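Q: I have a model open and would like to learn how to read its features one at a time. Please give me the rule before each case.

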Amino acid sequence: MTQHDRLLIIDFGSQVTQLIARRLRELNVYCEIHPYNRVDEAFLRAFAPKAVIFSGGPASVYWQDAPMPPKGVFELGVPILGICYGQQVMMHCLGGHVEGGHGTAEFGRAFVTPAAERLPLLEGWFEGGTEQVWMSHGDHVSKIAPGFRVYGTSPNAPFAITADPERHFYAVQFHPEVHHTPKGAKLYENFVRLAGFKGDWTMGAYREEAIRKIREQVGDAKVICGLSGGVDSSVAAVLIHEAIGDQLTCVFVDHGLLRLGEAEQVVTMFRDHYNMPLIHADESDLFLGALEGVSDPEVKRKTIGRLFIDVFQKHATEVGGAQFLAQGTLYPDVIESVSFSGGPSVTIKSHHNVGGLPEKMGLKLVEPLRELFKDEVRALGRELGLPQSFIGRHPFPGPGLAIRCPGEITREKLDILRRADAVYIDQIRRHGLYDEIWQAFAAILPMRTVGVMGDGRTYDYALALRAVTSVDGMTADYYPFTHDFLGETATRIINEVKGINRVFYDCTSKPPGTIELE
């Protein structure tokens, strides 16, 4: 099996550590994020990184019990890049000094000026004299460690870029991983080039390796997969099916909260196009019956989650002798499920895929996507031949239309919402905007408004339209449709969908709002 060069990211609790990994994966470099308190000397020997990056973090190096890397990391003989807190901890460990306060904090956009001496790490930088970077630090390096020299300064960071080129130790006070450091990607490209990475982390190679791993793990056993129809579970199912064929059976639970024609599309693609064993569990009556009269969004989510587990387990027993459960777990799920024990950050969210089922059913997990980010999953889907129209679909929440129907859910409101949402998405596609938007959807509001159609009075539902741009869904901004587009769309919806007489556009960003309404 191919052994890729591996880069280790030691996480000190920065909220943007995942962006470091994304930048490296874009360069076809395999990397993993591990919390500082899970990385000891034994881990370093086993992982055998070709290079190491220290992330930023909220701590101060002079705190008691401040997060520190293992001492042996500096003895590996591999290039190390320290970022923000990573720079400070590198200076602290190697004989420099870090101070807090004194008016040297920097938050936001800053400009770095080059020192007289050039550095290979900064190839392509400073062609215009200065470079914009993004700072986020309260402490600052007041004395650099022996062997280091200064290669860039900013008004509040006299040691904005430092390095010991002989040992290939590099340190920057800013965050090259964020969009607001325009040439940050070039810095990472230079770093991995200096470290000697071949850039062989491709989806073609991953596909072959994943298929071998699945066959080795599963053997001749049966596997069941909870197929939601979303990109993650669909790519996982197609990959596993390519590896083990009819040993895999997918269970598609239709909870009655899908978009217009979605259940038929999923069944047609997997059962007919891929000739994949598929159980289509139409349990819409069960779910909608349980949700009748429920308006609290958390109760909706918990009800749907509980019923999904019960229904999935019921239909999974039809696959006699299954030993494995397949899930579309992604790398962000893995990272966000790890909490620093007493460390600088907290668990962002619990593992959200079919929680509790493996233990309840006595099954072992197959998670072939757990090393991938979302954009890599889409690339793998293209490698596997899934249609682009399917791979490029906007994210769709597990609770489905339940959280796009604030207040009580009824079949009438769901039918209206499905048809209105279909018109809205059709409008976006007609205008060539679909791929510019991260997520777009309609939501039916828990209110009726008075309108006039022809010579008659109407008293129908109001509809909210939502469309956002985002990189990873963590933050988002509303999409700036033209007034002409919004007017044309509202007219189409009101004319074509009985039950709607007023349309609003939601122009709230995230934060303070969320992408979904509930």
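Q: Is the crossing of α5 and α6 right-handed or left-handed?

A: A crossing is left-handed if the near helix is turned anticlockwise from the far one by less than a right angle, and right-handed if clockwise. The crossing of α5 and α6 is right-handed. This is a predicted model, in which local features need pLDDT of at least 70, side-chain atom pairs count only at pLDDT 80 or more, and totals for chains, interfaces and linings use all residues. Residues are numbered from 1 along each chain as its sequence is written, and side-chain values use heavy atoms, with hydrogens and water left out.

Q: At what angle do α5 and α6 pack?

A: Axes are lines fitted to C-alpha atoms, for helices over the stretch in contact, and angles run from 0 to 180 degrees between N-to-C directions. Helices (H or I, at least four residues) and strands (E, at least two) are DSSP runs, numbered from the N terminus. Here α5 and helix α6 (residues 231–244) pack at about 65°, and their axes are 9 Å apart.

Q: Which residues make the contact?

A: Contact means heavy atoms within 4.5 Å. From α5 come Arg207, Ala210, Ile211, Ile214, Arg215 and Val218, and from α6 come Leu239, Ile240, Glu242, Ala243 and Ile244. For sorting them, Ala, Val, Leu, Ile, Met, Phe, Trp, Tyr, Cys and Pro count as nonpolar, Asp, Glu, Lys and Arg as charged, and the others, Gly among them, as polar. The contact of α5 with α6 then divides into 8 nonpolar, no polar and 3 charged residues.

Q: How many residues of helix α3 are buried?

A: Buried means under 20% relative accessible area, exposed over 50%, and partly exposed in between (1.4 Å probe, protein chains only). In helix α3 (residues 85–94), 8 of the 10 residues are buried, so the helix is largely enclosed by the rest of the structure. The buried residues of α3 are Tyr85, Gly86, Gln87, Gln88, Val89, Met90, Met91 and Leu94. Just after α3, Gly95 has a positive phi of about 110°.

Q: How many aromatic pairs are there?

A: Rings of Phe, Tyr and Trp (its six-membered ring) pair if their centres lie within 6.5 Å; planes under 30 degrees apart count as stacked, over 60 as edge-to-face and the rest as tilted. By this rule there are 19 aromatic pairs. In one of them, the rings of Tyr30 and Trp201 have centres 4.7 Å apart and planes at 55°, so the pair is tilted. Tyr30 is in strand β2 (residues 30–35) and Trp201 in the loop between α4 (184–195) and α5 (203–218), so the pair ties together parts that are 171 residues apart in sequence. Both Tyr30 and Trp201 are buried.

Q: What kind of pair do Tyr478 and Tyr505 form?

A: Tyr478 and Tyr505 form an edge-to-face pair, 6.5 Å centre to centre, with 75° between the planes. Tyr478 belongs to strand β19 (residues 477–478) and Tyr505 to strand β20, so parts 27 residues apart in sequence are tied together. Tyr478 counts as partly exposed because its relative accessibility is 33%, and Tyr505 counts as partly exposed at 21%.

Q: Which residues do ring pairs link into a cluster?

A: The cluster consists of Phe12, Tyr36, Phe54, Phe74, Tyr85 and Phe169.

Q: Where does the charged end of Arg6 sit?

A: A charge sits over a ring if NZ of Lys or CZ of Arg is within 6 Å of the ring centre and within 35 degrees of the ring normal. The charged end of Arg6 sits over the ring of Phe47, 4.1 Å from its centre. Arg448 lies over the face of Tyr461, also 4.1 Å from the ring centre.

Q: What should I look for in the backbone?

A: Most residues other than glycine have a negative phi, and most peptide bonds are trans. Asp65, in the loop between β3 (51–54) and β4 (80–83), has a positive phi near 60°. At 70% relative accessibility, Asp65 counts as exposed. His168 also has a positive phi near 60° and lies in the loop between β10 (157–164) and β11 (169–172). With a relative accessibility of 33%, His168 counts as partly exposed.
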